[in-house]
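Subject: Structure handover

Dear colleague,

Please find below the structure that I am handing over to you. My notes on it follow directly after.

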Amino acid sequence: MANKRIYEVARTFGISSEAFVKIVRELRFTPKSHMSVATEEMIAAVTRKFDIEKANAKKDIEHKKKMKRDQARAAAAKRTSPSGAGGSLGDFVKSDSKAATGTTKAPASSGTKFPLKKPSGGGGGFRPGGGGGSARSGGGGGFRPGGGGGFRPQGGPRKRKRKGRSVDRAEVSKSFRSTMAQISGSQKTKKYRRRGATADEFIEVQNIVKVTEFMTVGELAKTLELSPGELIKKIIELGQMATINHRLDIDTIEMLCLEYNFGIEQETEIGEHIKEIQAEGEQVKRPPVVTVMGHVDHGKTSLLDYIRDANVVSGESGAITQHIGAYQVKTSSGDVVTFLDTPGHEAFTAMRARGAQVTDVVILVVAADDNVMPQTIEAIDHAKAAKAPIVVAINKIDKPEANVEKVRQGLATHGLSPEDWGGDTPMVPISAKTGEGIDKLLEIVVLTADLLELKADPCIRAQGTIIESRLEKGRGPVATVLVTCGSVAVGDIIVAGVNQGRVRTIIDDGGKQLAGLKPGDPGQITGLNGAPQAGDSFLVVPSESSAREITGKRQQIKREYDYRRPRGHATLENIFSRIQDEKIKELPLVIKGDVDGSVEVLAETLSAIEHDEVRVRIVHKGVGGITESDVLLASTSGAIIIGFHVGPTPRAREIAAREQVDIRRYSVIYEVEDSVRKALEGLLAPAFEERHVGLAEVRDVFKAPKVGMIAGCHVKDGIIKRTNKVHLMRDGKMVFTGPIDSLRRFKDDVKEVQSGFECGIHIENFNDVKVGDTIETFEIIEVARTLQEG
C-alpha cells in the first residue's frame, strides 16, 4: 500500500483524488498532487478520520431515533390519559344523531344498522323555510324550497314510497372524521413501526413512501422530492460514499427516509398471493446455483469452457461475454451444478448484481498474473450483499509471471481471508487452459453447497427468475429461466413480469427438448406474448384469468411509473432545479438490442455518463430489430439510434435515409460508451485559452495629438499583431488588458512587427504607459473539452 499513488488509494476509499488530496492536506500532510505517493501514515490518518466520522454519524442517528421514540411515547401517553380531550368521537356522533333525528334511544352496538326514517308531523326535515306536515299532506318536508309538495311537483304523478335506507354507524363515523380533517386542513399523522423494532417502538411520521430494495440514489431523491445533490450530501454525512446511480439496500433506504421524517413501505410484487407454500415434508435436495464473477479478461468464460467442454469465447464479440448464460454440468462425483456466467466488463455492474441475487455460491475468478481490480471489488461487494459464500479461483497459474501470494494478500485487504492463513475463504489455484486444480475447485463448490442444505419442493407450481430474454425470428420471445422451487412443464400457464403465456417448448443450453424443469434447473422457454426484462420474477399460475389479472395490474403500475418518471409538476421547491435543467444539453438515444439484459445495461451505462452541462436522454429502449416506428420516433425527437447486435429492416433503412436519422450498429458495449462520450464532448461548449504571441518592451513614450500616449517599443520575442489583445505589465503585475488601437513602424500603419524590430503601439482606452513597461500580446483560442476535464 505504501507504494501506491494517491489516486489509486482514493479509488479504494470510493472518493475522487481531488477530495482525497484535500482531506490529507487538512490532516497536515503535504502531497503535491494526486500523483504523489500515499504513505502508510497518510492512509492510516485518513482511515481514522473516516472511522470517527462514521461512528459520530451512527451516534447522531441513534440519538435522533431515540428522541423520536420518546416523543411518540409521550404523545401516546397524553392521548390515553384521563385528563385528555373529553369524550370520544363515537359519543359525539351519537349525540349529534340524537339531536338531528329526535330519537331518544340509540342502538347498543355502533356497528348495528338501523333504518333512517323521514320525520313526520311538524318536523321540517332538510327543507329551508319549511313548515309542518308530512310529504303526503303537503305541509312541509322534502328538499324543495318553499311550502310543500313533498318530493314531487304539484299536480304531478305520485311516486312510490321508497323503503328506508340502512346506515352503518361505523361508516358515518369514518366519513365524519374525514370531513373534519378536510375542514381543519391538517394532515393525518401515521404511526410507523421501525423494521426490527419491538411492539411498543413506534415513530410518528407525516408520510409513508413506497420503496423497493436496490433503488438508486436518484430514484429515492425523486420519491422524497429532494435534489440528488442534497441526498448525496446526507449520505456522506452518514459516513458513506455514493453517486446518483449508486444502488442502496433496504436498511440504508429506511435510515435516509427517517432522516427526512418519512416512513417506508416496501412494495411487494403483485401476484405474491397466488404463490404456493413449500411443504417441509416434500422438499428434496436441489442443484446449487453457482455464479462466476470477476474482472474482465481474468478467465471466467474460459473456466466454464473447460468445465462444460464448449468454446463460448469464440462466439462472443471481442472475446468478451456480452450476455448472461445459464448452464448445468455434472461433476466427476456425479453431482449436478448450475452455473451462471456473468459478463466481466465494468458496464455490466447491474448484471452481476442480478446474478448475485439468485445464486447460492459465488466463484470469484482472479488472474494470478494480475491483482485485485475494480470489477473484482464490485463482485465481492455484490456477493457479500447477497450473503452468498465465496470460493476464489486464482486462474492463470500456468503463466511464468503468476504470483498467487500477491493475489491472496490483495484479497485479504478486502475481507477475504484465505483458509491457508486461518481464514474462512477457500482459494484454489487453477489453470483454465491446462485444467489444473479445476476438479478440486468443483469439489469445494459441492462441499460448500452441501453445508447450505439446499432443498426445494418440486410438487408445487414453479417459481423462479428470468435470467435473459430475446426475440428470435420464427420462435418469438425466448426467455432463459432459472427455477428456484416447484416444477414447470410444457403447457403450463406462466407469468413473467408484465408478460404472460402458455409454455410451448422448453430446451436446455445444448438445444435439447425438455418435458419440464425442476428446482435448480435452467432452461429456455417459448410461448410468452413479449420479452420480459432480465431479473423479472417467473411464476406458474393456475388459470389464464389469473395470468391476465396479474399482468394487467403490473402493466398499470408500469404505465404509472413510466408516466411519472420523466415528468413532474413544478412546485416552489423544485422550480429552480427545473430551470437549471433546461440549461443542460441532451443527447437523445433510441436503444435496440438482441436481448433485454444488454439493452438494460446499455441504458444504465450510458445514463451514468454525467456532466454538469450535457447528459444522455433515453427516448426509447427495446428488444428486437430496428423498425419503422423506431426510426420515426428518432426523427421526431432528434435522436440517434443505437443498434446492439441488431440492424434495421429494409423499410426502416429507407425511412432513415429519407428522414436523415443516424443509425449506429455495435457489437461490443465499450465501443458504444466511447462513441457516446465523444458525442457528448462535442455538445460541450469549448473552453477558451490564451496563447502567448509576442512580447515588447516600452523604451520611450510619445504624446500624439488627438490620439494619446504612444509607446515606443522594441519587440523582444515572438510577433506583435494588430489584431491581438495585450496585457500591460508593470513590475510583474498586470495593469491593463485591452486591444491594440494602432500599430506603426515609422509613419506607416502595419499589420504585424517581427521580433528584433521597433514599433509604436497605442493601446485603446489607455494612456498611462511608462518607460520600462512590457506589453504581452496574446490571442484567444478554442480548446475542445472532455467529460473528464469538465
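I begin with Arg 502, which counts as partly exposed at 39% relative accessibility (buried means under 20% relative accessible area, exposed over 50%, partly exposed in between, with a 1.4 Å probe and protein chains only). This is a predicted model, in which local features need pLDDT of at least 70 and side-chain atom pairs count only at pLDDT 80 or more, while totals for chains, interfaces and linings use all residues. Residues are numbered from 1 along each chain as its sequence is written, and side-chain values use heavy atoms, with hydrogens and water left out.

Salt bridges

The count comes to 29 salt bridges, each being a side-chain nitrogen of Lys or Arg within 4 Å of a carboxyl oxygen of Asp or Glu. One of them joins the side chains of Arg 502 and Glu 544, at 3.0 Å from N to O. Arg 502 belongs to strand β19 (residues 499-507) and Glu 544 to helix α14 (residues 544-564), so this pair ties together parts that are 42 residues apart in sequence. Helices (H or I, at least four residues) and strands (E, at least two) are DSSP runs, numbered from the N terminus. Glu 544 is likewise partly exposed, its relative accessible area being 39%.

A salt bridge also connects Arg 730 with Asp 773, where the closest N and O atoms are 2.9 Å apart. The pair links distant parts of the chain, 43 residues apart: Arg 730 is in strand β29 (residues 725-730), and Asp 773 is in the loop between β33 (758-763) and β34 (774-783). Arg 730 is buried at 18% relative accessibility, and Asp 773 is buried at 2%.

In the salt bridge between Arg 744 and Asp 749, the closest N and O atoms are 3.0 Å apart. Here Arg 744 is partly exposed at 39%, whereas Asp 749 is exposed at 56%.

Lys 64, Lys 234, Glu 237 and Glu 259 are linked in a network of salt bridges. Lys 234 also lies over the face of Tyr 260, at 5.9 Å from the ring centre (a charge sits over a ring if NZ of Lys or CZ of Arg is within 6 Å of the ring centre and within 35 degrees of the ring normal).

The barrel

Six strands form a closed barrel in the order β15-β16-β21-β19-β18-β22, with antiparallel pairing. Neighbouring strands of this sheet are turned by 45° against each other on average, direction ignored. Strands pair if DSSP finds at least two bridges between them; four bridges join the antiparallel strands β18 (residues 493-496) and β22 (residues 537-541). Val 495 stands opposite Leu 539 in β22.

Aromatic pairs

There are three aromatic pairs by count. Rings of Phe, Tyr and Trp (its six-membered ring) pair if their centres lie within 6.5 Å; planes under 30 degrees apart count as stacked, over 60 as edge-to-face and the rest as tilted. Phe 13 and Phe 20 have ring centres 5.8 Å apart and planes at 35°, so their pair is tilted. Phe 20 is buried, at 0% relative accessible area, whereas Phe 13 is partly exposed at 21%.

Phe 13 and Phe 50 form an edge-to-face pair, with 5.5 Å from centre to centre and 80° between the planes. Phe 13 lies in helix α1 (residues 6-13) and Phe 50 in helix α3 (residues 40-80), so the pair ties together parts that are 37 residues apart in sequence. Phe 50 is buried at 17%.

With kind regards

Notes: Axes are lines fitted to C-alpha atoms, for helices over the stretch in contact, and angles run from 0 to 180 degrees between N-to-C directions.
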